[in-house]
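Q: I am new to this structure and would like a close look at a single part of it. Please take me through that part slowly.

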Amino acid sequence: MPCANSCTSLVLHQSLPYFKDFSLNERSFTFGQHKIKVLQNWEEDGIAGVVWESAVQLGNYLTKHHNVVKNRRVIELGCGTGLVSLLANCLNAKQVIATDRLQSLNLIKKNLQLNDNHLEVVALDLTNEIDRKQVKHNFLPKIDVILGADLLYVTEIIPDLVLTMHILANSETSILFAFKERYSHITALFFKEISSLFEHKLLEEDVQRKLYIYSLRKIC
């Protein structure tokens, strides 16, 4: 997740149906034959410390379309609890790189141990140019797939998010981007920012819950 609770405009109410899930210290998910447990910590890690709906949606999609990640090098942006990265590893990705801000990485490391799962965990603050250069230096041109789930929270992060994807991708890179639309102006800004840089296609939607998965392809 790109921002902690100190910089997000997302407001949560205890009456919302998913708030109860955020209060759980541990949650379990089943994707096909794969069972994944994740620890959560809303109080310390804020929005990066819980599993969001679009991460589960993206996990279900990858389970049905496992060839998207099978034998491919995958990087997840704003991995949060690491649920999607853990699943990509279970689906036989060749390499998985889970990234988030440095202060958010302790939780995913605990979740790796909890699931006896081994993948690379790397600090990448989407707003930090040094982090972007380091990831580019270490992993390009080896990235085949970029994954992102529930990264559309505040307008301030969107230009850096799009820039990061553009730097890490080439014309052959598959990008899967899942999100829940909470604020229409943030969604509109995201699509405005990518319009001249990426082709995009809607892969899956849940209109009632406002959940969407798009594929993006860099325009070169």
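A: Angles under 35 degrees count as roughly parallel, over 145 as roughly antiparallel, 65 to 115 as roughly perpendicular, and the rest as oblique. This is a predicted model, where local features need pLDDT of at least 70 and side-chain atom pairs pLDDT 80 or more, while totals for chains, interfaces and linings use all residues. Residues are numbered from 1 along each chain, and side-chain values use heavy atoms, without hydrogens or water.

Let's begin with two helices. Helix α6 (residues 129-139) packs with helix α7 (residues 158-168) at about 20°, their axes lying 10 Å apart (lines fitted to C-alpha atoms over the stretch in contact, with angles from 0 to 180 degrees between N-to-C directions). The two are therefore roughly parallel to each other. Arg132, Val135 and Lys136 of α6 make the contact (heavy atoms within 4.5 Å) with Asp160, Leu163, Thr164, Ile167 and Leu168 of α7.

Now for strand β6, residues 145-149. Helices (H or I, at least four residues) and strands (E, at least two) are DSSP runs numbered from the N terminus. In β6, 5 of 5 residues are buried (under 20% relative accessible area, 1.4 Å probe, protein chains only). Val145, Leu147 and Ala149 lie on one face, with Ile146 and Gly148 on the other. Strand β3 (residues 73-77) pairs with β6 in the parallel sense over 4 bridges (pairing takes at least two DSSP bridges), and Glu76 stands opposite Leu147. Strand β7 (residues 174-180) also pairs with β6 in the parallel sense, over 5 bridges; there, Phe177 is the bridge partner of Gly148.

Note on methods: Buried means under 20% relative accessible area, exposed over 50%, partly exposed in between (1.4 Å probe, protein chains only).
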